[in-house]
Each structure stands twice: as structure tokens, then as C-alpha cells.
Amino acid sequence: MPGKLKAKIVAGRHLPVMDRASDLTDAFVEVKFGNTTFKTDVYPKSLNPQWNSEWFKFEVDDEDLQDEPLQITVLDHDTYSANDAIGKVYIDIDPLLCSEAATIISGWLPIYDTIHGIRGEINVQVKVDLFNDLNRFRQSSCGIKFFCTTSVPRCYRAVMVHGFVEELVVNEDPEYQWIDRIRTPRASNEARQRLIFLMSGELQRKIGLKVLEMGGNAVVGYLQCFDLEGESGLVVRAIGTACTLEKISTLPSTTTQPSNSSPSKDMKEPVFGEEAPGVPLSSGPPTPLRAQTFSSFSPSKSYSRQSSSSDTELSLTPKTGMGSGGSAGKEAGPLKALLRQQTQSALEQREYPFFTLTSFPPGFLLHVGGVVSARSVKLLDRIHNPDEPETRDAWWEEIRQEIKSHVKALGCHAVVGYSESTSICEEVCILSASGTAAILSSRFIQDGSLDVEHRLSRQPVVFTSGADRVEGDMGSSASLGFEEVAPPGCGFCHIPYDELNIPFPAQLTYCYCCRRNKVPDVLFTTIDLPTEANVTGKGCLIQARLCRTKKKAQGEGNATAISNLLPFLEYELHTQLMNKLKLRGMNALFGLRIQISVGETMLLGLASATGVYLTALPSPGGIQIAGKTPSDITYEQHISNMQKKINDTIAKNKELYEVNPPEVVEEIIGSPIPEPRQRSRLFRSHSESSDEVSELDLSHGKKDAFVLEIDDTDAVEDIHALLTDSPTPQGFYSCNTEIMPGIQTWTSAIQMFTSVRVFRLNNLNLTNQGMNKIFTDLCENLLKSLYFKLRSMTPCCLCHLNFTVAIPEDELIQVAVTAVAMSFDKDQALENGMHSGEKTHIKAIHENDEQLQFNLELNPDCLTATKGLADVTGCHPSAKASSLEKNSPLPEGRSRSLRSNRSYSGGSVAVVKMTPLSFIPGAKIIKYLGIINMFFIRETTSLREEGGVSGFLHTFIAEVFAMVRAHVAALGGNAVVSYSMKECVFMENPNKNQAQCLINVSGDAVIFVRESELDAASVQPQSVTTQTSNGGEGT
Amino acid sequence: MFVSDREQSVVRYNVNVEYFNTYTDVKMSVELDVFVGNTTIMDKEVYQLWLNGYTVNDAVKVRIDGGIMEECEVSVEVLISDTMDQYRTFQMCERLLHHPAKLANQLLFQIPPDRQAMLIERYYAFDDAFAREVLGKKLSKGTKKDLDDVSAKTNITLKSCRRQFDNFKRVFKEVEELKGPLVENIRQRFLLPDQLARDYAAVVFFANNRFETGKKKLQYLTFQDFALCAGQLINNWTVGAVDNMMEDMDVDLDKEFLQDLKELKILITDKDLLDQHKSLVCTALRGKTNVFTEMEASFKNLSRGLVNIAAKLINAKDVRDFFIDLVEKFIEPCRSDKWTSIDVNLYLTHYTNSAHILDTFKHHGVWTRYMGVIKTCILRMYHE
């Protein structure tokens, strides 16, 4: 019996009227965990019942603690008929199982009903006593920390990164069980909610076990998804990166260093395992013999029920250490090649050298190859045995293998920024995976505390002689030399592959920063912009949108049709991205996310990324239009007009995004083609883009290599589309990554939002072009609406602007976007415009630390007055306060202490910030309280009365936000970071006046402290006064 | 199981027709469009339009006329979308605004305290023109039914009239039975700023005592005129005004005081006293005003009028006629004699003070309490 779960029901408020006669409610509460249920007394005739129950104790296995949610049901007692349910609260116990996370869940939580929404709130307290069972880690994985954040969490440092973990569990969907025909919608929804809770718990536990096996203590970049496969079942799957994390001491006196560069010089003992110990040379292989292309876009890797057999890339695995003759005579070359080989082999020994992380401490990421992606079309069939989800496992395995082979083709050994997704329409399912091929410093993987100081202060170098490895501190000219060779600002741009075996046509130049290594002309990645990267100007959101019609079909035929369309779709998305990138005068994409959605009669493709100008990469050439028949004069004129427009746009964009790289002497070297052609044709001309061994003559030549050839109407449309993208309004910037290059001076004003739109196509006989235009307009209009809504925040940047598209019904397109608007200080932004992001980061964290110190000193004096402050700074004081209050038998005492603690009663509700980013500007995260992973279903049979579909969804999203905030506040937190809405499935049936929606959200609950507590000090008294003035009402 | 039938989907709700039409090619229509912020975004301007009872289309027109399209470079679609979205937010908030205290501890919307205060203040703000129409009427369903007349007369949308009426009624019901000072009760229960709470107190006080304000002769008086008078009455003539323990309510007039007022009749029934009073006042006024002759001539009538009003106040029916009586018995005669406000002030001051010098007059306390209010009210109500 390794754990005791304790729950106490304190009070309720704002309950709905359940008895029409008296306008009151006789409420009582059922508390259920597993198969054990407790009940409170009935509190008669009140809408604000005070149960003040005893502590209900559940003695349970910790395995159950991980799997099961605590289920609280509020009911209305009815003497004569069955008791009516008011609503439920599901509480995830998981954060309480980890010693470093939350210690108590205590607060007002919304009572939720799937038909009526939020119906009042209930004040509960939940605690867990884990018995000190040494063996407990063997049976469950209690204590493993989970983070949605895709970087090393702010108050931790990674001692070791173990690698990829994945798991999936399947079950029958209750909505499709026979019993669903006879039960109420409410019962059905609740069965589904509960099942998904259970499945996520189980999934998390299983992943945790894998992490334990690997020797880790945390999962970072945890990404959990649902596949609602309808008749064939329900799949919950998750991927993540197993790490060993170490908490950085938050004592302000000891560390004023940036979180990821703790000054502690204590080296971890090198771990000698099967994997090679670290190769510290941050610059990595300077072997300039590998060529690079814009990306390793691999569009055609989609098959209908076929195994991916065409992986010829495997043969292209770069031969490391070979042929370094052309490498500008670096003595260290062979040595490093060897080192690299080792790193590579270390990683290759893993089944999947994948990392879900998107940003890394400096020095971890050595080189970036480009985007790798794989898709496959599958036909769903019923999952016969939920305990053996082998088919689904095999599908993903196939895809991952394919990704792995692409990575090899790019001369890389790892995938970073890895993610997986699905799109399901009826029985067809598209599985997608994408990531960025990269070469990592194995030191971090091996014993790597991800720690800059560390790396710079001591550079262990591995000498290789036969099988022996000696690790020593070089500190010699050699290692210094390497540092010199590859400054951190450009190192990751250097090509990781063999110049002579370029997997793609590419144009290589020497790096514009260090002038020693080769870089590609364009770089596409799925990761965030590395903080150390040298960037010119600012970035911007770039989207490629595409809509393709398809014939209705069934089964195999349908799957084949889709997989035949996919390559073209990806290819065109890629072309669009490339064109739009050039149009902005930029040369690299970060955070690239390509989403393909399948519907019955169409396929939608949406690619979003953040374009930047990497200083290390060559300046992109302009776009040139060429006509097919130069004889016609009007035609020529038309073309030159368009050309002029394009040139103007490029010039305007360069100014807008401050892309003004220093002029450098062009020297193109090492282009693999002896005589580069002046013009290459538009990408569309070769549909075999998937082909890694494409003909050499497709590569670009000199500067103005990018030529759009107008040989058909399509291209004309394309160019028009290119120019119709309206620029972001004055004062706005946008990106889909964590940070915006060129902006550092964030203010503390942030506004997270979710916007959902559903469009109906009224005319289905549209051409592809027509559909494209509609889809593009739709996205553009949505963006314009966002800018307008948030105009009061300018100057501001919309960060993490990620769109999710879906085709819920035949002629419906659904676009959902969750992002955060962050204000910044314009003047300083201009001043520091050219600085790299890293500096501000460090600066910001410095300030944080100082502020924290200040805050702690200040805190005791104003503990009673500034409840928010107390809440934030010390979970210990608040925990103590709440334990005191439990002993107090008087309700007055309780409410008072509660108020001073977390402002539950009467007063205003504690503010909880939400953001999709991993940080909060102007604040420092001092504690992670656990993962928030919530799933809700809402259904209505009175759609019109609830304000139609918009009213219904608006309320539901607001309710979801409210529930997330309440649960975070109950954990003692004041913010959710890395928040995302992973699922928003909306269905309607207006004829029956019905609608249903499923939403899945996740994030990390945290406690943060403001950089300037002056803010807090000025805000607090205000809220205290409001509280006292209306205090009488709530209690 | 949730069944969505893919075949039929013809009728759409909640998307107004114009929105369709703005998409000129009609190739697509917006089926659903929501925006939800973690901190609820509310545009003050749109909120005011909503409060004013404008439809979405009208609100969009007003915004366009305000030049927002040029200022922010937005299209009509964006404006419509934003306006509809905001309207929906306000509708969802309205339920909470009915109990302002709940707004602070509800969880559904995260609204900063200053925003909450703004929302409440504007929601409860009312048009004086509207209040003037409803003032003194019973806040009943019957009155609510007649609001379309009020709307037509005041040029305030019916929707806005209904909201204002419901606010009156809600505040009235809430504080009707409460003990303690009326203004303070309203201020605390509805988290209103002081001035607004005072105005509501006036509305409640008038509704409770059913003062007649609709007569033609009273039409020239504004809401603020009455509000000031109500403030005077509340502060001086209710039980709460004298009893600091606030045992009783502020809403009703002090019965004991009204009883005592009958004693003042001596000022007009006793002929000697009346003459004495007149001569004292005339002596004091002589040479100080241009309308002295008129004052002297009408003294007895005016004094009779004021004292009679006082004596009758014990009857609920006469309380209702309080203002009309003041106008008929005092203000109108003075006005026809072309008194200035200064004249009225001068007259009332001496009229009040002289009574204290009368040897046989004993009711100084009641007289002061009565005349203090009367003087202030008359001065306010005396529009030259």
C-alpha cells in the first residue's frame, strides 16, 4: 500500500438552482477514486454550501495514483426521485506524486457538466502521502517529472539527455460502443472524459517507466496526442525526450548567473558506457566537404499501405573522415572526423536518435542539416485487442525509420525539434512526422550538463587510439583553435554533409561569419532560432497555404489517391515557402510546421514558419520572372510590371524587417556543378523533388538564381498570391517560434488567446486555384482580425502563432490558432536591434535574480497585505498557512486565512497567466508544479439558445481557460507556460439544434516572480481594497 | 452518441446576413468565429455601443463613421467580426454584471480590477433623460411595458431603456429591505462610484415614496434637480438622518418628524404670529430687493403654502405631491412676480430665521429641519 490520498471538501459557491420551488439546492458531494467512494452530508437549501468535511482517505497503489484521476461529483439531494448531478471535477493527482512539484491542491475549482458547462465552484483540498517504499519506482514511475516545455526548463539544468521516449495506448471509444445507444449524452461524454483521463495517466506512467529504465528523471518536450479514430477506436500517444534534470538552486545569494550557465565547475564524472564520451568541440566537424541544400524536404515519402522501401538514401550515408583534402588544410580535420564518427555511432546505437526539444543550450547543437519529414497514409481498421496496439506501433515505427534514413542522407545523426501528428477522415489516416536533421555534441548526451560555463572552462578532448579513449583537458592550441574556427553564432549553419555527395542540389558558399566553413544558401528547420545565432534584422511569420481537391473515394482507392496527391502538395508548399522567403529578403526558416489535413473532397496544406536573415548565410537573390514567349510586347510589359512589383515588395520588406546585411564580396565556391547555369527553372518544373539524387543541373547558379517561369496560368496565380500577402500592420511583428530575433525588451504585458473560425465553402465546384485563394484569404483575414483585436498592445509581437487546420465536414474548413501577444519597448528594441538574443536572455535572467533577492527580503513585512506576493514567493509559507487553517474549526478563521493565503473567498480571483511560450517576459520561473493535461467534452441540445455555434464555442473555450487557471491556482501556481490546445474537434448539427466539441489542452503549471516587484506592490493594495469592500458577499 | 448529419445543413444561426454579403463572391461564409483571450479583451467604445442598445450592424456603422477603418487599416469584415465577438463577450458577462460582487470572484473571465470597475460603472450608468421619465413610478412590469413610449420620447433605444429599467429595479429590490445608509448600501452592493450610488439612491427613494414627477408643471425639472432634492430628503428627513445607530432604513421618511410637522401650522393659524412673522421678514428685506412689494404682498400666501405642505406630509398621498405642491404653492407665484434666484434665497433665509425670533413659536428643531430641506430644494427647483 504505497500511498494514501486524502481529500477534503470544504465548500461550494455559485451553485445552480436545482429546486425550482425554493430557488435553492440541497447539495452533497461524492468523492471517488478507483472503486472507493465517499460522500459528504447534504447541505440543505443553499447555493453556497459549507460542507467542511472530514479528510476522506484512500489507500491505493501508486500505480493507480498515476493512472486514475480523483473524481468529485456534486449532486442535488432529492428525497423522492434520483439525485440530480450538478457537475464533476476531475483532479489529476500526478503533480502531487513528485517531491519537487506541488505539495497540495487546494482551491476553488469549477464544477463542470458536459451539457451545462461550469455550474458553480467547489473548494477542495487534496494531499498525497507516499510511503517510503524504496522499491516503489519499480512498479510505477512516480516522481518522474513531465514538462511540455520543449527546452530545458528554466530552473533546471540538464545533466544528461537520454533520448527519445514514446508510447501509445489504444481503447474502444465509448462514444461508439453499443451501450451508447441507450445512455444519455451526458453519461457518454463522461465515460469518454474519464477514459481519456485514465489513458493519459497510464500513458504517462508507461513513459515514466521507460525513462526510469534509461536512468532519467524527467521527460521534456512531452507531447501527447489523441487520435479519435471513430469506429476503430481511440488512440492516445505521446513522445518526449528523457533527461536527467538537476534543479538549479534558487537561492538568490548563490547564483546570479543565467540559469543554464551555473558557475559550478563540478564536472560530472565521465560516464563510460557503450556510448562514446563527450566530444566537446563545440564547433564540431569543420570538415567543409559536405554540401547542403535548403532542406531535405522529402515529400514523396507517403505510401498507401506500403512499407517505405525506397530508402536509397541509406547508401548516401556520409563517409566521415574521408576525403578531407579540400578542407583548407586543417590539421585537426582527421581527428575531428574521428571524434565525430564516434559521436555519430553513439547516437546511431539508439533506436531513434530523436529529440522533441526545439531549443538547446549553446553548444549542444553543432550543425543543422535541414528539415526531414515523412508521411504515410493508412487505412484504419478496428483495434481488436487494445492491449496489443501493435499495428499502430508498427505504423509509427515505419515512419520513424524513414525519418532516420533521411537523416543519414543528410550526413546527420540526430533529429531535433521532432514531432508527430495525424489527420483522420473517416477511415483514412495520414501519419506525419517531421524534425530537423542535426549533429549534436555528444558530450551533452553523454554526461552533458547543458551548461556553457562548463564547456568553456574545461574542454575535455577525446583522443582516439584504437579502442582506448582518453579524456583529458586539452586547453591547448588545438582546442582553442577549434573555438576560433567556429564561432557559436554561425557554427550550426555549417553543412554537416559531404560536399561531394550533396543529397540535394545546392549552392554553397563560405560562411559569411567565419569564412571558413561552407554554408548552404537557404536553411529550413523545425527548431527555434538558437539563442546564439547571428541574425540580421527581425523575423516574420511566413505561411504557405494550399488547397487541393480530390475525388470522393472509399477504402484503398481513397488512400492511394491521397498518397498520390501528397508529394505535389508538399512540393508546392515548399515552393511557396521558398518564394515568400525570398520575397522578404530572408534566407532561413525556423519552427517550420507543415500540417496536412484530409477531408472527403479536399486536402489542405498549411506550412508556417518564422523567416529570418541568418548573417552566416548568403544574401538571397531576388526573384526573376521569365516569360515563356518573349515575342509578345504587351506580355513583356506585363511581365516587367510584375517584376517591378516584386522588386518593390522585396525592397519594402527589407526595410520593414531591417534586413540590411553588410555588403560582402561574393565568392561562390565549391558549387558541385562545374558550370552553373544562370537560370534554373521554377521548382514546379520538376515534380520529382522527393528525389534525393536529383540531377545536378537543377541546382542554382549565381545570385539571381531564383527564376519564376510563367509558362502556365498556375504560375501567374502563384505570383499574384505571392504579392497578395498583406504586410503586418504598423507596430506588429509575428512569428511562430518562441522568440523574435531583434526584439529583446519585452514588457510584462502578455495576452494569450485562442481564435477559432469555421468556414463553409458554398460552391464545391471550385478549381484548385479558387480553393487556394479562399483558403489564403481565410488565413489572412484571421491574421488581420488578430492584429485588429490586439491593436491596443502595440508595439507588440505575436509569438508562437501556430495555426491548426481541420476539415470537420465536407465543405467546412476549421482554422484554430493559439498564440501570445507580447508588448515590447520600441525605443530600446531599435537600439539593441542588432544584438543577438542570447545577451538579453542572460541580462533578463540576471535581473530576475536580483529582483528575486529583493522580493524575498520584502516579503515577510507585507505577507498579510500582499497575498499574491506570498503566494508567489513561498510555497512554504502558503502551505503552512493552509495547514493552520485546517485546524481552525471556525468558518471565519478559515475564510480569513484562506484569503490571506490565496484569496479564495470573497475577494478577487488570483490572476493566472497563460502563454504558449516556455517563459514569461520580465519574470523568473522559480518552480514547476507539474503538467496540466486536460480533456473536456461539451455538448448542447439548445444551440440556438446558447448563441449559436459561436456562442457555444466561445463559452466553452472560456470555460476551458477558466478550468486550467483554477487548477493551476489550486496547485499554488500563477502561470501556465508552454500551453497548447492540441485538439479542438467541433461538430454541429443545426437542424437538431445540437453541437459538440472536444478540447484537449496541456501546459506546465509554474510559479513565477516578477522582475520588478514594484508592479506587484502597486497592484496588490488595489485588489485588497476591492476584496474588503465586497468581502461580505462571497462568504 | 453525437450524430452530425452531413447531408443537410441549410440554416445557419447567429451569423447575420450582411456578414454573408460582405464576402462578395459568396464562395464561402463564416460559420463560426470566436476569439477568446486569457485576459478578456473588451473595447470600451464597443461596450458603450452595446450598452446603448445598438445592433451589431448599427455599431459597425458607428465605428466606421468614427474613422476606425482608416485609422487601423481594417476591412469591414474584420470590424464586423470584432464587433460580433465583443457583443458576445458582453452578453456572456451580463449575467455577472447583475451581481457586481460576483464579477470579482467568478472564474470564467479574467478581467483586471480596473476593467471590472469600468464594466460595472458603465453598465449601471443611466441616462438622466431616461431616469427622469421613470422617476417616482412604480418599478413594475406595467412600467416596463410602457418603456417603448419612453424610448420614443427620449430617443434612447428600447434595449438600453430596458437595461436601465432593470438596473433600477435590481438595485431597488436589493436595498429595499436593507438597514443602514442608503447610498452606502448601494455603493457596497453594486460596487458603484459615489456619485452614481447617490443617483441610484435618488431613484430608489423616489420609487419607494412614489413622488409625483410626471405632471406637466414639473416637466421643466431635470433628473439632477430631483436627485439633489432626494439627497436632501434622505439626509435630513429619514430616520437614518437623525439616528446614527442606523437602526432603520433610509428609504422611508421619519414618521415622527412628519407628525411633528403638523405643529408648524401654528405659524399660519395664529394670526398674530403670522403678522409678526411677516413684519420681521419685511423689515429684514426692505431695500434689499427689487421685488419687495411683491414679496410683501404674497407673504401670507407663500407662508401658508409652505406650512400647509409641511402639515400634510403625514399623509402618504400628500408626500407624493410634495414637489408639485412646492411648485404650485411657492415657485410659480414667485416666478410670476419675476423674483430672481437671489430674491428667493434672500426671502427664504429671512423667512426661516425670523421664525426663530417669534416669542410664541416653540418648534425650532422641526422648523430648521424642515426649512433647511425646503430652501435647498426650492433653490434648486427655481429655474428663472
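Ground rules: I'm working with a predicted model, where local features need pLDDT of at least 70, side-chain atom pairs count only at pLDDT 80 or more, and totals for chains, interfaces and linings use all residues. Residues are numbered from 1 along each chain as its sequence is written, chains are lettered from A in the order written, and side-chain values use heavy atoms, leaving out hydrogens and water.

Entry 1, the A/B interface. I looked up contacts (heavy atoms within 4.5 Å) and got 78 residues of chain A against 53 of chain B. The two chains bury about 6,200 Å² between them, with 57% of it on carbon and sulfur atoms; buried area here is the accessible area (1.4 Å probe) lost on putting the two parts together, summed over both. Phe788(A), Lys789(A) and His954(A) supply 13% of what chain A buries against chain B, more than any other three residues.

I find five salt bridges between chain A and chain B, each being a side-chain nitrogen of Lys or Arg within 4 Å of a carboxyl oxygen of Asp or Glu. One of them pairs Arg757(A) with Asp33(B), at 3.0 Å from N to O.
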